[in-house]
Amino acid sequence: MSDARERAATGDLGKGKVGGAAASAIRLHGADNVVVLLGEASVGDTLRYAGGEVRAVSSALSGHKIAIAPIPAGEQVLKYGVSIGRTTRDVAAGEHVHSHNMRSDYIHSVSGTE
Amino acid sequence: MTRLQGYLRSDGRKGIRNVTLVAYLVECAHHVARKIVDKVDDPDVHLIGFPGCFPNAYAQDMMEALTTHPNVGAVLLVSLGCESFKRSALKRVVEASGRPCDLLVIQEAGGTRSTIEKGIEAVARLKAASEARPVPMAVEELVVGTICGGSDATSGITANPAVGRCFDRLVAAGAACIFEETGELIGCERIMSSRAVTPELAREIEASVVKAERYYRALGFGSFASGNADGGLTTIEEKSMGAYAKSGDSPISGLLKPTNQPPGGGLYLLDIVPDGEPRFGFPNIADNAEIVELIASGCHVTLFTTGRGSIVGSAISPVIKICANPDTYRKLSEDMDVDAGRILEGRASLDEVGEEIFEQVMKVASGARSKSEELGHREFLLTYKTFEPIGPACLPTSAARAHA
């Protein structure tokens, strides 16, 4: 756990750029509206994942999320089949989804926290 | 249908190994106990122990649960003599379980060399006395735990969800599965509690995460670091979901604390964060402390997911290593049982790797050695903690049974 807490998701998933015939993103659950990049994506790249593909309209690094469908402002972002937060503005299919266009829904249970 | 074989114990549980334990009851007896195990040099003779001299109810309970674990067939206790551990009480518990048990007290046995010699003879005697013919064992009788350690960006998208698939399969087959570390589940407590089988259990689960958040905060550890955002994680609930994915999709049947045994098949959350104000430091100073707690709650096998490449095993119960990162797998393949990083490279699906992990559990439960087990990893960590007993809402099925 000690390692996990400190290091979770700090590394690169893959060193290369996405593209070619292999899958370039992973959809972790059938209900998800985002996929996780397995390599760096540039604008115009076709991102393939099991069950579909989407054209990137933003560039993003591996491990980051790309919307596979339009997500209107205030809608849930679904990953692992559950909500991991909400969009703060309209997000287009193929757009990078991160802190610039989504936020946490989590309210800290412990008083005195931000 | 897979046919497992197990060693039947007097409490009705079955073990997938027949281990003889050598247990030191204070650090002062550690060297003697280790020498006994080293000289016997048998892959089924394991060293465990508690280093502290001051009394601690948790340590006593843990040692009782571990020495009567179904994978254990016999026990040699090694005491210095003046430590506060209740050695006679522990010996009575082991004997009452039907296991052969000997106690050596170094201060009475003639010192270091004499005790080592007596210990070697005792282990031979105990091991012979515990020999038993395995009997058929059902998947429903298995208890399987999971933990992640040395995680990286790959853990949450390959190995952890693949273990979740395996857990779903095991739970559907009637096995008990245990996941843990509420400190890593901060942010997904409501997602998690929505899977609880009763509203009362849901409240207990949420309270356990609140406790964990408070505890880690008091120790100065938040949960979301800037490196997480650089890696592509946006929210705390997203990060926690990566670890939480190990639990799969089954309903959550109960909340355990270390040494509580699952009352039947199903998925259980193990709360390893101590109760009360932080007193003894970190809830788990390293991964093996959590593994030992999973084993104390009955786990026959532990599924360990790692991205950066943990190599540990455990005393008592085998550890199966599921490597999340394909680069790490190539570097450390001699330590890894399952290459979940294939998912990243498009060479396997989550379902396929989940199935492979399930098959690996069946093989190891049938007697095949896992990689860490074959390599002789027998790590063990037990330190001070404090827990209050769990409330009746934590195990709804057994509470219902008690009222029936």
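# A tour from cavity to pocket

Start with the second largest cavity. Select His46(B), Ser314(B), Ala315(B), Ile316(B), Ser317(B), Pro318(B), Val319(B), Ser370(B), Ser372(B), Glu373(B), His377(B) and Arg378(B), which line this cavity. On a 1 Å grid over the protein atoms alone, a cavity is a set of points where a 1.4 Å probe fits but cannot get out, a pocket is an open set with protein on both sides within 12 Å along at least five of seven lines, and lining residues have an atom within 4 Å of a point.

The model is predicted: local features need pLDDT of at least 70 and side-chain atom pairs pLDDT 80 or more, while totals for chains, interfaces and linings use all residues. Residues count from 1 along each chain as written, chains are lettered from A and ligands numbered from 1 in written order, and side-chain values use heavy atoms, without hydrogens or water.

**Stay at the cavity**

What kinds of residue line the second largest cavity? Its lining has 4 nonpolar, 6 polar and 2 charged residues. (Ala, Val, Leu, Ile, Met, Phe, Trp, Tyr, Cys and Pro are nonpolar; Asp, Glu, Lys and Arg are charged; the others, Gly among them, are polar.) The space inside is about 60 Å³, a volume filled by probe spheres set on grid points joined across faces, edges and corners. The count of cavities of 30 Å³ or more comes to 2.

(Strands, E, have at least two residues, and helices, H or I, at least four; both are DSSP runs numbered from the N terminus.

(Pairing takes at least two DSSP bridges.) Find Val22(B): it stands opposite Leu47(B) in E4(B). E3(B), H1(B) and E4(B) make a right-handed β-α-β unit. (Right-handed: with the strands pointing away from you, the path from the first strand over the helix to the second runs clockwise.)

Go to residues 176-180 of chain B. Strand E9 is largely enclosed by the rest of the structure, because 5 of its 5 residues are buried. Colour its two sides. Ala176(B), Ile178(B) and Glu180(B) lie on one, Cys177(B) and Phe179(B) on the other.

Which strands pair with E9(B)? Strand E8, residues 143-148 of chain B, runs parallel to E9(B) over 3 bridges. Here Gly145(B) has Ile178(B) as its bridge partner. Strand E11, residues 266-270 of chain B, also runs parallel to E9(B), with 5 bridges. Here Cys177(B) stands opposite Leu267(B). E8(B), H6(B) and E9(B) form a right-handed β-α-β unit.

Select residues 199-218 of chain B. Helix H8 has 20 residues and reaches 29 Å from its first C-alpha to its last, close to the 28 Å expected at 1.5 Å a residue. (The expected span is 1.5 Å times one less than the number of residues.) Its buried residues include Leu201(B), Ile205(B), Val209(B) and Tyr216(B). Step past the end to Gly220(B), whose phi is positive, near 90°.

Next, select residues 236-244 of chain B. Helix H10 has 9 of its 9 residues buried. Among them are Glu237(B), Lys239(B) and Tyr244(B). Click Gly242(B), also in H10 of chain B. Why does Gly242(B) count as buried? Because its relative accessibility is 7%. Its C-alpha is 9.2 Å from that of Glu184(B), 58 residues apart along the chain.

Select strands E1, E2 and E7 of chain B. They form an open sheet of 3 strands in the order E2-E1-E7, with antiparallel pairing. E2 (14-15) and E7 (135-137) of chain B stand at the edges with a single partner strand each, so one side of each has no neighbour in the sheet. E1, residues 4-8 of chain B, is joined to E2(B) by 2 bridges. Look for Leu8(B) opposite Lys14(B).

**Finish at the largest pocket**

Select Ile26(A), Arg27(A), Ala50(A), Ser349(B) and Leu350(B). Of the 17 residues lining the largest pocket, these lie nearest its centre. The space is about 320 Å³. Strand E1 (25-26) of chain A and helix H13 (350-365) of chain B each supply at least two lining residues. By class, the lining divides into 10 nonpolar, 4 polar and 3 charged.

Conventions. Buried means under 20% relative accessible area, exposed over 50%, partly exposed in between (1.4 Å probe, protein chains only).
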